[in-house]
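Here's a quick walk through one chain of a two-chain model, with its partner brought in where the two meet. Have the viewer open as you read.

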Amino acid sequence: MRFFLFAIRRLAASVPTLLIVLAGLFMLLQFAPGDTVDALVAQMGGGDSAMMEQLRKYYGLDATATVQLIRYLTRLVRLDLGFSAIYGKPVIDVILERLPATLLLMASSLSFAFAGGLVLGVLAARRVNQWPDGVISTIGAIFYATPAFWLGLMGIIIFAVNLRWLPAGGLEEIGSGHIGLRRAVDIVWHLALPTATLGLIFLATYLRIMRASMLEVMTLDFVRTARAKGLAKATVLRRHVLRNALLPMVTLVGLQAGTMLGGSVVVESVFALPGLGRLAYEAVVQRDLNTLLGIVFVSALLVICVNFLVDILYARLDPRIAN
Amino acid sequence: MQTLTRFLGNPVALIGLVLLVLVTAMALSAASLFPNNPLDLAGRPLQWPLSNPRFWLGTDVQGRDIAAVMFYGARVSLLIGVVATLIAMTIGILIGALAGYYGGIADELLMRLTEAFQTLPNFLLLLVLVAVFGSDIKTVTIAIGLVSWPASARLTRAEFLSLRNREFVEACRTIGMRDMQIIFREILPNALPPVIVYASVVMAVAILLESALAFLNLSDPNVPSWGNLIGGGRAVLRTQWYVSAIPGVAILMTVLAVSLIGQGLNDALNPRLKRR
């Protein structure tokens, strides 16, 4: 019950944040040169001012900014993100079409970065200030400084063009007619390079946090107690140090959810993946502001969801938090 | 002084410093080494590096001298990195200081705002700002600064929270100093070291954000930039891969330099942590 209350409280706390985000986005929209009607008229190839007035009335653009903001918010509650003039359908439909590819890419890169960072972080911490630590930390620093899009392009040159091991782009073989397991394998095949690209960049951060966190926990009293009562070094590490050292890693997942979504914009563009990030890029190029703001809204929701899950997980791992 | 000796005695910091000096030298010597406009046609397109003594890094799809774009690109990357970082740190320190010093409702409101910014993926917000306000170099720099401040605000706030009830602050209040004086002249200098270390992270991210924007061709097209060169090289990636490969190394080195210096500063300011 107490846990349930904690969950509700965390969820309620994100409502004001979301409201600020939405009001901010609406204000940005007011700053944008031209409105929906201008975009529509430009699409149609011009129109007279009387018709534009009529259209503005039809879309409710003649009301005051406050009224428009309230209308905008009520529409968002119903997940009505407006209409995309470019794609010719509601924005929410366009976004839902593209969401799975991004979620897949994020989940796989996150798992890769988390697992890799965990293992390498533990290895580095166990050999602190010896050569394995030096090598691991150096590689981490280099990947941290690497631009994701460049790493992706170099991956394509090596693994797709020269070695021909992996496909250079796309989510699956188009027109291959694969279904079921064959299709899943095909998608995994196509996602290998994008996952490695996005994952390696974030692995560096996870590795650094894991190493620092391990070193921190190893100095605590309960670890000394565990060693003193005669437990083997590996057992102390696994059962006592690792569990506690994992907490900052879990926090990092929540903190980096947004950054990862941002990173997916470039990675999806490099690998021609039909995801949300690529959609955002296309929306900027085509000046489709409705779609762009819709993507930002959905991304904010996604980040809030991830953080909520992280909080729940955190409270499970450390029961003191929920109180 | 002791901090400086520790900083210079640290190999990590030294490597970073040397790299940064190299990139800065590139930026400063660009105009004297390459007096022509780096975006103009210089010779036959797509010549391989070292194949023509006039273009030792080769030419790109549009026949521009890659070496010239690299040198001028160093200017843009450093300039955008420094200015955007200054903007982000100013906003972050201001918001964090006010929230941490006053607490209560001010803290609540400012932290909600910070949280809202942290909820939005910063690259997506950057795309929105560029889509709305255009993409000339000034707008891009300000936009990068505007999306990069939240973490430094949190850091400053945490420092202020731990400092605001110290005795020296109480003493300042007792002698009747004004709030602004206490915040900026008394507490801020004490709160600054970790925030300055964090500035290196902000700068590293700012350079990466600009290069990603330029790679997607959404940054200022009239400015020679590494990201832009990589983006242009995509069309010939399968055959002339060097066009995309070369500028990436420069971005990597610059960001590495900045983050190594940050790490060195951190070690120098917290010598106790380093030995662990």
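## Chain B and its neighbour

In this predicted model, 39 residues of chain B are in contact with 43 residues of chain A, where contact means that two C-beta atoms, placed from the backbone, lie within 7 Å. On the chain B side, 27 of the touching residues are nonpolar, seven polar and five charged. For those classes, Ala, Val, Leu, Ile, Met, Phe, Trp, Tyr, Cys and Pro count as nonpolar, Asp, Glu, Lys and Arg as charged, and the others, Gly among them, as polar.

A word on bookkeeping: residues are numbered from 1 along each chain as its sequence is written, and chains are lettered from A and ligands numbered from 1 in the order in which they are written. Because the model is predicted, local features need pLDDT of at least 70 and side-chain atom pairs count only at pLDDT 80 or more, while totals for chains, interfaces and linings use all residues.

Chain B comes to 12 helices and zero strands, these being DSSP runs (H or I, at least four residues, for helices; E, at least two, for strands) numbered from the N terminus. Of its 276 residues, 50% count as buried, that is, with 20 or more other C-beta atoms within 10 Å of their own.

Helix 4 of chain B has buried residues including B:Leu110, B:Thr114 and B:Phe117. Their cover includes helix 1, helix 10 and helix 12 of chain A, together with helix 3 and helix 7 of chain B.

Now for a helix pair inside chain B. The axes of helix 2 (residues 11–33) and helix 3 (residues 66–102) of chain B come within 7 Å and cross at roughly 130°. That makes helix 2 of chain B oblique to helix 3 of chain B, as angles under 35 degrees count as roughly parallel, over 145 as roughly antiparallel, 65 to 115 as roughly perpendicular and the rest as oblique. The residues of this contact divide into nine nonpolar, two polar and one charged.

Finally, look at B:Leu229, in helix 10 (residues 226–233) of chain B. B:Leu229 counts as buried because it has 26 C-beta neighbours inside 10 Å. Among the residues that B:Leu229 touches are B:Asp60, B:Gly73 and B:Pro247. The C-alpha atoms of B:Leu229 and B:Gly73 are separated by 9.2 Å, though the two sit 156 residues apart along the chain.

Methods
Axes fitted to C-alpha atoms, helices over the stretch in contact; angles between N-to-C directions. Buried ≥ 20, exposed ≤ 12 C-beta atoms within 10 Å, placed from the backbone. Lists of a residue's contacts leave out its neighbours within four places in sequence.
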